[in-house]
Amino acid sequence: MVKPLRVGLLLSRTPIITPKPAPFLQAYYKYMSELEKRLMWTFPSFFFFKKGTLTQRKFNELQKGPIARNKNIIFAQGEPDVHFNRDRRFKQEIILEPDEQEKVREQPTVTEADTKNDIKSLERKIEQTLYLLVNLKSENKWKLPSFEVPDNARSLHYAADNGLRSLGGDSMNTWTVSYTPAAVLKSKDNVPEFLIKKHILQGVFQPDANVEFAWLCKNEIKEKVDEDYFKQIEVLL
Amino acid sequence: MSLRNSSSRIIKAIYEGVPATGPPSLRTRWSRLRYKSPEHMQPAFEEALKIINKDSENQKLAAQNASSSQVREELYAKSDIYNPEVQYNDFVNYVDLSNPTYKLLAKRRWLRRSMPTMMQRIEQLHVIPDTLPTLMPEAETKIKFLLPKLDFIDPGAWVRNDICMRTPQISISDFSLPAGTSGHYTVAIVNPDIPDLENDSFNTDLHFLATNVEASLANPIANWAKSSVLKPYMPPVPEKNAPGQRMCVWVMRQENGHSSNLENKELVSEFDLRSFVSEQNLRPVSAFVWRSKWDYTSPAVREKLGLPRGRVFYRARTEFAEDSVLHITERPKWQKVDELYHNE
Amino acid sequence: MIKPGAQRVVNMLGVLSASRRQPRRLKLCREDIIRHKTIKHAYQLFTKNEQAEQKQKLDQQYLRIKEAADLLQELDPELFAATNVPPEKKGRRFPLELRVPTDTPPRTIWSSTFANKLR
């Protein structure tokens with residue numbers, strides 16, 4: 001026996017990397033950091049490198065010193081104002097030894113799954129949140145996974161968890177955000193479907209052969225599902 | 001003409017960045033050459049301009065669907081305030097205040113700076129509720145005594161007697177009126193600090209009353225010649241050792257506009273501002289206060305006005321401080337000496 | 001040549017003192033003041049719009065939660081009561097495996113192997 005309601009699952013993979021800021025913010029942050037550098041106090045190298053030592057000499061050799069003030073020269077673009085080896089009109093650029101600078105090799109943000117357009121992979125679109133969509137062969141309709149609630153179910157989130165394990169196997173680590181349903185979806189057959197939010201943390205979703213599935217972001221979901229269905233879940237994504 | 005020319009070059013520099021020859025707003029070639037702009041300003045500015053223009057367009061669209069003309073005017077004014085050209089004109093005070101956008105910027109400046117000062121002085125010096133019960137500020141009042149090197153005075157300032165002898169110049173900027181219109185005002189100056197020795201209290205005196213004073217944001221200075229002055233200006237003549245006197249300026253908007261009823265009003269000897277305001281349907285929109293006390297110029301001022309010599313007060317000695325409100329008594333020094341002689 | 005102790009004091013004062021380490025004051029011309037103001041205004045507008053959008057979305061989500069809770073209470077009071085129980089102490093701690101987004105991706109983007117030990 002089952003209850004006259006269903007439980008749905010909004011299983012999401014949170015973004016792996018922070019999204020790139022908007023073009024305006026990028027330009028704004030750059031400008032602000034330049035202003036900050038211009039207003040920064042001079043680095044007291046005399047405090048960190050003792051006078052006459054080898055380290056001090058090495059450090060000084062690497063620096064591009066400012067142009068010194070000279071009474072015999074007319075500086076048309078303003079006289080240099082040098083204190084502690086820095087022209088106080090401009091920002092100070094400290095050059096460190098090439099070995100001392102950390103060599104960071106950044107991983108590419110476009111992954112293998114992106115190039116292959118493998119929608120079953122969890123490694124795609126690492127800037128965005130992905131959601132699990134399934135297509136049962138018996139129904140042939142893309143939607144969020146939804147399950148029947150047995151009569152003896154203790155709670156909605158247990159029913160959702162059991163449904164997920166029976167559909168996609170046991171080899172995934174998930175976390176329920178809240179026991180309270182995030183929304184209720186209304187369908188034509190008048191059986192309300194309560195959505196429980198979950199995050200996938202580790203592992204993969206491995207269903208049977210008769211279930212198609214995809215990890216999609218918001219824009220892709222819009223193309224896959226019905227218009228009415230998308231309108232109902234749009235706010236939650 | 002030259003202003004327009006230089007300003008167009010400056011506005012070009014605002015949009016396209018400071019040229020290699022230096023910023024056109026700087027006067028000397030030397031300072032133009034030495035000038036260095038902050039780095040990476042231009043890309044940030046270009047992106048910022050996109051956002052500001054988009055927001056402006058959105059607000060203009062919203063203004064088209066506005067319900068009333070007043071709301072529409074406000075939205076149009078708001079949509080342009082962040083435009084760099086408008087900001088520059090406001091910065092150099094090259095503005096036409098009958099334009100709603102510049103009016104809005106002026107109003108915001110007033111609300112941020114002068115209005116809180118004015119309200120603070122009026123409250124701390126008890127102009128409210130001593131003269132009128134309260135004030136909801138809607139206009140800015142500035143006062144100036146026409147003397148070389150003397151600008152508008154601060155509210156609550158002590159003013160020397162010979163300076164405040166002449167009729168003050170009053171500027172009224174009413175921000176609650178629609179842009180481009182003018183209002184009619186009644187201006188009253190009252191002094192609630194005239195010592196009343198008989199009752200051990202103070203009397204209120206009317207120093208100035210003018211009605212049908214027309215003022216707009218573009219022409220804020222009140223022209224006394226074109227308005228009807230019911231009582232010509234009488235300067236404060238404080239007496240020696242008496243407490244300082246507050247000269248409270250009240251600007252009241254005539255809700256019915258120009259009024260001939262007010263013009264022909266005859267003043268009774270004891271003027272009551274509260275009843276006058278309620279009778280004539282006036283709305284107090286702004287106030288100002290300055291203070292004066294006896295100083296070395298007072299005798300000369302009295303002489304010029306043809307007044308008799310002022311009284312000299314001494315501290316009243318009462319058993320308990322609360323027994324006296326005035327804390328002064330009229331007792332010329334020489335009288336005491338005379339009494340001594342007579343007694344002998 | 002001054003004593004080492006005195007030299008140290010001189011160094012300390014040099015590090016702390018503002019007069020020689022401070023840069024020259026930033027004097028902007030009128031054009032640049034207006035440009036700077038424009039950038040600041042745009043930033044204010046941008047963040048304001050962003051916050052308004054976020055607030056609107058959160059408000060809508062709250063309404064959806066409320067709608068769902070009300071309907072569940074009507075349909076099945078037992079299940080509704082189960083949504084409101086405080087989480088059990090074991091097993092529902094905040095997961096350490098939940099990754100905070102970083103600026104650059106890690107070497108292994110997703111750990112696909114996971115064996116459920118609880119079951």
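Predicted model: local features only at pLDDT ≥ 70, side-chain atom pairs only at ≥ 80, totals over all residues.
Residues are numbered from 1 along each chain as its sequence is written, with chains lettered from A and ligands numbered from 1 in the order in which they are written.

**Chain B overall**

- Chain B carries twelve helices and nine strands; helices (H or I, at least four residues) and strands (E, at least two) are DSSP runs, numbered from the N terminus.
- Laid along the principal axes, the C-alpha atoms of chain B fill a box of roughly 95 × 55 × 40 Å.
- Some 30% of the 344 residues of chain B count as buried. Here's the cut-off: a residue is buried with 20 or more other C-beta atoms within 10 Å of its own, exposed with 12 or fewer, and partly exposed in between, the C-beta atoms being placed from the backbone.
- Among the chain B contacts with a separation of 6 or more, 66% involve residues 24 or more positions apart; a contact is two residues whose C-beta atoms, placed from the backbone, lie within 7 Å.

**Helix H3 of chain B**

- The buried residues of H3(B) include Met41(B), Phe45(B), Glu47(B), Leu49(B) and Ile52(B).
- Part of the cover over those buried residues comes from other chains, including helix H1 (23-38) of chain A and H3 of chain C.

**Where the chains meet**

- Chain C puts 46 residues in contact with 51 residues of chain A.
- On the chain C side, helix H1 (4-16), helix H2 (18-21), helix H3 (30-75) and helix H4 (77-83) each supply at least two residues.
- H3(C) gives the largest share of that side, 15 residues.
- By class, the side of chain C that touches chain A splits into 23 nonpolar, eleven polar and twelve charged residues. For the classes, Ala, Val, Leu, Ile, Met, Phe, Trp, Tyr, Cys and Pro are nonpolar, Asp, Glu, Lys and Arg are charged, and the others, Gly among them, are polar.
- The contact between chains B and C takes 23 residues from chain B and 13 residues from chain C.
- On the chain B side, helix H1 (2-16), H3 and helix H5 (84-91) give two or more residues, and H3(B) has the largest share with eight residues.
- That chain B side has 19 nonpolar, three polar and one charged residue.

**Chain A domains**

- Chain A is assigned domain 1 (2-17 + 110-236) and domain 2 (23-87), with bounds from an automatic or database domain assignment.
- The C-alpha centres of these two domains of chain A lie 56 Å apart.

**Nonpolar cores**

- In soluble globular proteins, nonpolar side chains tend to be buried together.
- The largest nonpolar core has 40 residues, and Val7(A), Tyr131(A), Leu133(A), Ala160(A) and Phe194(A) touch the most other members. A core here is a set of buried Ala, Val, Leu, Ile, Met, Phe, Trp, Tyr and Cys residues joined through C-beta atoms within 7 Å.
- Leaving aside neighbours within four places in sequence, Phe194(A) contacts residues including Leu5(A), Val7(A), Leu156(A), Ala68(C) and Leu72(C).
- Another core, of 37 residues, lies apart from it, with Ala210(B) and Met247(B) among its members.

**Pro235(B)**

- Pro235(B) sits in the loop between strand S5 (228-231) and strand S6 (245-254) of chain B.
- Buried or exposed? Pro235(B) counts as buried because it has 21 C-beta neighbours inside 10 Å.
- Not counting residues up to four places away in sequence, Pro235(B) touches Cys164(B), Met165(B) and Val301(B).

- Most residues other than glycine have a negative phi, and most peptide bonds are trans.
- Ile128(B) and Pro129(B) are joined by a cis peptide bond, with omega about 5°; Pro129(B) is in helix H8 (residues 127-130) of chain B.
- Asn117(A), not a glycine, has a positive phi of about 55°, and counts as exposed because it has 8 C-beta neighbours inside 10 Å.
- His40(B) also has a positive phi, near 60°, and is partly exposed, with 17 other C-beta atoms within 10 Å.
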